[in-house]
Amino acid sequence: MDKKFSLIFLSLLCFSIADVRDGLGPFIGIYLQEHGFQPDEIGFVMSCSGIAGIIFSSFLGSIADKTKYKRALIVTLITVISLSSIIILLYPAMVSVSTAQVMQGIAAAGIAPILTSITLGLTDNNTYAKHFSKNEAFNHLGNAFTSILSGAFGYYFGVLPVFIIMSTMALFSIIFTLAIKKEHIDYNRARGFNTSKQTAPLKEVLFFPPLIIFGFIIFFFHFGNAAILPLLSQAAAKEFENINPALYTALTVLIAQGTMVIISIIALKILIKKVH
């Protein structure tokens with residue numbers, strides 16, 4: 001099979017894994033609210049996921065960088081996230097939900113670097129940026145698609161279909177992952193186009209000015225943005241009796257992801273023009 005088919009399956013993987021990576025995403029607040037969780041308790045369990053992801057992101061990024069079992073790793077991470085969602089569905093109590101959120105946060109932190117690593121291994125210097133932008137477009141398109149399904153089914157059946165949709169997308173993600181041929185992945189290039197065994201000292205990485213500036217940008221972006229959708233959905237469900245929480249949450253996700261799809265496509269076109 002030609003490498004272009006592996007790249008196609010990578011795009012499909014980015015599409016299907018979009019809903020899986022975030023677990024229940026903003027829907028978890030609505031689900032826990034329905035099971036008697038107070039706002040401070042919901043904030044606590046969601047913080048567990050975020051903090052766990054921050055703590056383990058560097059470690060998982062290092063594994064994603066070094067391992068040659070990239071497909072097996074991503075299947076494992078998908079499975080952990082799916083199991084954590086099942087725990088939340090079956091046992092909506094503080095201890096079990098907090099534990100599941102920690103599991104989900106750790107696993108989700110490893111998905112982005114492993115997808116980046118696979119993309120690097122399947123492309124070259126001239127095509128990496130284009131395919132990375134394409135990955136992001138498919139990722140946000142996948143989120144938008146699943147939000148439409150979640151909103152449509154949620155309108156009639158509540159939050160429960162969100163679990164089913166996520167599990168289905170997890171299954172497709174595993175199928176698409178295994179469809180990417182491991183022999184098409186250049187494992188040296190997957191570590192950053194550098195076939196040398198020399199690595200930069202940790203001190204040099206930590207104090208690299210562009211990386212520090214980028215880190216601050218990401219920090220302040222998430223500091224101001226991360227919890228907005230879950231809080232908005234919870235507030236709407238509490239304040240407006242006639243509103244359907246699942247449908248409202250799906251619409252907020254659709255607006256956000258639709259915007260990001262457009263930006264990803266624009267970025268892709270700019271990159272293509274620069275290459276040519």
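Reply: Happy to; here are a few terms, each set against its definition. This is a predicted model, where local features need pLDDT of at least 70, side-chain atom pairs count only at pLDDT 80 or more, and totals for chains, interfaces and linings use all residues. Residues are numbered from 1 along each chain as its sequence is written, and side-chain values use heavy atoms, leaving out hydrogens and water.

Me: Why is A190 called buried?

Reply: Buried means under 20% relative accessible area, exposed over 50%, and partly exposed in between, with a 1.4 Å probe and protein chains only. A190 has 2% relative accessibility, so A190 counts as buried. Of the protein's 276 residues, 40% count as buried.

Me: What does A190 touch, not counting residues up to four places away in sequence?

Reply: A contact means heavy atoms within 4.5 Å. By that rule, A190 touches D65, K70, S117, L120 and G121.

Me: Where does A190 lie?

Reply: A190 sits in the loop between α7 (160–179) and α8 (202–206). Helices (H or I, at least four residues) and strands (E, at least two) are DSSP runs, numbered from the N terminus. The protein has 11 helices and 0 strands.

Me: Which residues make the nonpolar surface patch?

Reply: L206, F207, I212, F216, F219 and F220 make this patch of about 660 Å². Accessible areas come from the Shrake-Rupley method with a 1.4 Å probe, and for residues only the protein chains shown count as cover. Helix α9 (residues 209–225) gives the most to the patch, with 4 residues.

Definitions and conventions: Patches are made of residues with over 30% relative accessible area and no salt bridge: like charges are joined within 9 Å, nonpolar side chains (Val, Leu, Ile, Met, Phe, Trp, Tyr) within 5 Å. A salt bridge is a side-chain nitrogen of Lys or Arg within 4 Å of a carboxyl oxygen of Asp or Glu.
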